[in-house]
Amino acid sequence: MSDKEEEQPVENKVEGSESAENQVGQQEGGDEDAEMEEEDTLDYEKIKLLPGASEDGSIASFQIVDEDHTLGNALRYMIMKNPEVEFCGYSIPHPSENKMNVRIQTYGDQTAVQALHKGLDDLANVCAFIEDEFLAKVNAKDFATEEP
Amino acid sequence: MTDLGSNIIGIEEDRVTNTHSNDFPAYSQSIGSGWDLEAFKKKFQLNVSFITERTANFDLIGLDTSIANAYRRIMISEVPSVAIEYVYIFNNTSVIQDEVLSHRLGLVPLKVDPDLLTWVDQSADEKDKFTDENTIVLTLNVTCTKNPNATKGDNRPENLYRNSNVYARDLKFEPQGRQLETFKDHPVVPCDPDILLAKLRPGQEISLRAHCILGIGSDHAKFSPVATASYRLMPQINILQPITGQDALKFQECFPSGVIGINEKGEAFVKDPRKDTVSREVLRHERFKGKVTLGRVRDHFIYNVESTGAMTPEEIFFKSVRILRNKAEYIRNCPIGNVN
């Protein structure tokens, strides 16, 4: 048990730094105006850290606006699939407010923010894979075109 | 009772068992492996049964309900499509009120590729709001008159009057600006031309102009690109003891036709569980007690997507996957602020 868990955060950190580098690379590739614009249009309202997070960052709750069970449940599943995560849950505190809360508690080797980001990345990767698979199947035209 | 870690949902006479996913590391180390994309790719299967112009039926196997359900929800409420949103009525002397007629018009599915339009900026000035890039204009001008050549003795309104019925096909596309070019090959028409919008009598008239814009189903159902988008889980029938003779025939009758076959030895076997509706009829009969169990495969989703006609059903599903991906990537790149 301990072997695996000690290795995991190191791997994740490497992944994290790679993706950060990629982003920088992409930004350098684009022209400067676009880069400036991206800085200006950063969405500071979309996701916020709720009060009550632990000092070491292993436990935190986030509030995401304009999202519902569609993302909430899928994201919760992905975060719970992370072996570093002890607990993850989401709720929509009030049906007439378009807010969704996600709580993440890790065992301590990964921060809640890292777990959240890993969950989002995993979810995006699954979608990318299913997208490709579906496109390949549809283009193969290996199916009936009439309802049986 | 099913084992922990089994992906079969048990269906018993009066209850369902093993309904929740529990493949999480925090639940149990033995059944819950951490997320592994490569393992997922190996396990995942996609089979397309059929795709017609309006309906698609396909199976996604090996993914969790939370993700399958997200696609379904997105297809219904978040894939954008085009519908009539603003109606400017010049004259309406029919018996159907302006607001009721407008509502009916809004619900008419239109054959427009949503990718050809941009979103309307709701914060823009009223005069700059609608452009040839984000709005499609349709007009409806119908006047009912007496038919001078009506056949005597035939009292049907279609014979006595002209234009007594106003149909969706009477909506005429008026290309604006560059739309003459962009919509040259596929002019905007209602997907179903025979939708009845109003009834008129001689002397009555409808004259209006409608603006169609992009929207999503969570704002109004008229923007939903699907008539239905649903999934069901693959049924599973386990025959524990041989069922033969008269019993086999009776057993066959407990299921929809085609589900159970009978072989040359007169023994019942499961031919096609996909056709089963899981009615549980078989569990009501004493003679089959202990001989059969019913279940559903938790990670085998049989999707049925029915388009309203604007987009092909496979395009709608494809877009739903892309939308979920974009959501995840967008939040991933957002800075995490503090609640004030």
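Guide: A salt bridge here is a side-chain nitrogen of Lys or Arg within 4 Å of a carboxyl oxygen of Asp or Glu. The model is a predicted one.

Visitor: How many salt bridges does the structure hold over all chains?

Guide: Over all chains there are 31 salt bridges. One of them joins B:Lys327 and B:Glu78, with the closest N and O atoms 2.8 Å apart.

Visitor: Which parts does that pair tie together?

Guide: B:Lys327 belongs to helix H8 (residues 313–332) of chain B, while B:Glu78 sits in the loop between helix H2 (65–77) and strand E5 (81–92) of chain B, so the bridge ties together parts that are 249 residues apart in sequence.

Visitor: Are B:Lys327 and B:Glu78 buried or exposed?

Guide: B:Lys327 is buried, at a relative accessible area of 10%. B:Glu78 is buried as well, at 17%; the cut-off for buried is under 20%.

Visitor: What about B:Arg325 and B:Glu329?

Guide: Their side chains meet in a salt bridge, at 3.3 Å from N to O. The two residues are four apart in helix H8 of chain B, so about one helical turn separates them. B:Arg325 counts as partly exposed at 23% relative accessibility, and B:Glu329 counts as partly exposed at 32%.

Visitor: Which residues do salt bridges with shared partners join into one network?

Guide: That network consists of A:Lys46, A:Glu67, B:Glu78 and B:Lys327.

Visitor: Changing topic to the interface: how many residues of chain A and chain B are in contact?

Guide: In chain A, 54 residues are in contact with 50 residues of chain B. The area buried between the two chains is about 5100 Å², and carbon and sulfur atoms give 70% of it. A:Lys81, A:Glu131 and A:Phe134 supply 15% of the area that chain A buries against chain B, more than any other three residues.

Visitor: And how many salt bridges are counted between chain A and chain B?

Guide: The count is six. Among them, B:Arg332 pairs with A:Asp121, the closest N and O atoms being 3.0 Å apart.

Visitor: Where does the largest share of the chain A side come from?

Guide: H4(A) provides the largest share, with 20 residues. By type, the residues on the side of chain A that touches chain B divide into 31 nonpolar, nine polar and 14 charged.

Visitor: Which strand of chain B pairs with E1(A)?

Guide: E1(A) pairs with strand E19 (residues 337–338) of chain B in the parallel sense, over two bridges. A:Leu49 stands opposite B:Asn338 in E19(B).

Technical notes:
Residues are numbered from 1 along each chain as its sequence is written. Chains are lettered from A and ligands numbered from 1 in the order in which they are written. This is a predicted model: local features need pLDDT of at least 70, side-chain atom pairs count only at pLDDT 80 or more; totals for chains, interfaces and linings use all residues. Side-chain values use heavy atoms; hydrogens and water are left out. Contact means heavy atoms within 4.5 Å. Buried area is the accessible area (1.4 Å probe) that two parts lose on being put together, summed over both. Ala, Val, Leu, Ile, Met, Phe, Trp, Tyr, Cys and Pro count as nonpolar, Asp, Glu, Lys and Arg as charged, and the others, Gly among them, as polar. Two strands pair if DSSP finds at least two bridges between them. Buried means under 20% relative accessible area, exposed over 50%, partly exposed in between (1.4 Å probe, protein chains only).
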